[in-house]
There are 2 protein chains.
Amino acid sequence: MLKGHLDTIVLAALEAGPAHGYAIIESIKRGSADMFDLPEGTVYPALHRLEEAALLSSSWMTPPGGRRRRMYSLTKAGTAALAERRKVWGRFSHAVNALLTGGRPWPA
Amino acid sequence: MLKGHLDTIVLAALEAGPAHGYAIIESIKRGSADMFDLPEGTVYPALHRLEEAALLSSSWMTPPGGRRRRMYSLTKAGTAALAERRKVWGRFSHAVNALLTGGRPWPA
DNA sequence: TTCCGTACCTAGTATAGCTAGGTATGGAAG
DNA sequence: CTTCCATACCTAGCTATACTAGGTACGGAA
């Protein structure tokens, strides 16, 4: 399980500019040093969810001599949501780190 | 949603020594600066799951002039699992951080 | 005696993410 | 030329997690 932060990651992947689903999967894989090799069955529904929530918008493109792709871009609300989710992630990871390191000096 | 890291957190809470469910909840709340105020309906089933998986063992105790409590402690397997999960968390959070900071200089 | 804090429990629900399937095209390999 | 792989999209259905919303019960204070 990718632990509820999938949406955050997908939004972040689109921050640099519009992309289509397949490319997003690869970009996440690369950007995480292969830690997150997300199945399509995870990412496509997430994209649909995010579009439904108006955080993304999409349009079909057909590059010359290529297959049709659905290009996604962040909406204004999506950009705002990303900023918010980044903060949430910061607080979340900080809290987990605190709990995992107890009060103790420093774990291996 | 506490995002799949609940078990890790609960195991970590027991690292310092045995405790009962209610105390675990409070310890997690304190240790996370109130970020994780977990409902009992989340924690008790998790404790049962972890005991079922033999990562915890429990026994009923009745402190003098007090109510009965179920005390949980880490088993050997539980200690090992915690070490493993700590590593997983490290890799996971590192990867998410990488994705959220893109390649860009540094986010606010 | 009533209520709050401690202390435990579970049935049912929502949903996230995965599995496992499906469709289709372009290009390379044979 | 046909077969296969990589690209590119999709969905139904499963499972597990975490939550909601209830319930029980005791000790002590008001």
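Which side chain does Glu15(A) meet in a salt bridge? In this predicted model, local features need pLDDT of at least 70, side-chain atom pairs count only at pLDDT 80 or more, and totals for chains, interfaces and linings use all residues. Residues are numbered from 1 along each chain as its sequence is written, chains are lettered from A and ligands numbered from 1 in the order in which they are written, and side-chain values use heavy atoms, leaving out hydrogens and water.

The partner of Glu15(A) is Arg86(A), at 2.5 Å from N to O. This pair joins distant parts of chain A, 71 residues apart: Glu15(A) lies in the loop between α1 (6-13) and β1 (19-20), and Arg86(A) in helix α4 (residues 76-100). Here a salt bridge is a side-chain nitrogen of Lys or Arg within 4 Å of a carboxyl oxygen of Asp or Glu, while helices (H or I, at least four residues) and strands (E, at least two) are DSSP runs numbered from the N terminus. Arg86(A) is buried, at 19% relative accessibility, whereas Glu15(A) is partly exposed at 34%; buried means under 20% relative accessible area, exposed over 50%, and partly exposed in between (1.4 Å probe, protein chains only).

Over all chains, the whole structure holds 8 salt bridges. Another of them joins Glu51(A) to Arg70(A), at 3.9 Å from N to O. In chain B, Glu51(B) pairs with Arg70(B), with the closest N and O atoms 3.9 Å apart.

Turning to the two chains together, a rotation of 180° with 0.0 Å of shift along its axis places chain A on chain B with an RMSD of 0.0 Å, using least squares on the C-alpha atoms of residues with pLDDT of at least 70 in both. This is the relation of a two-fold axis.
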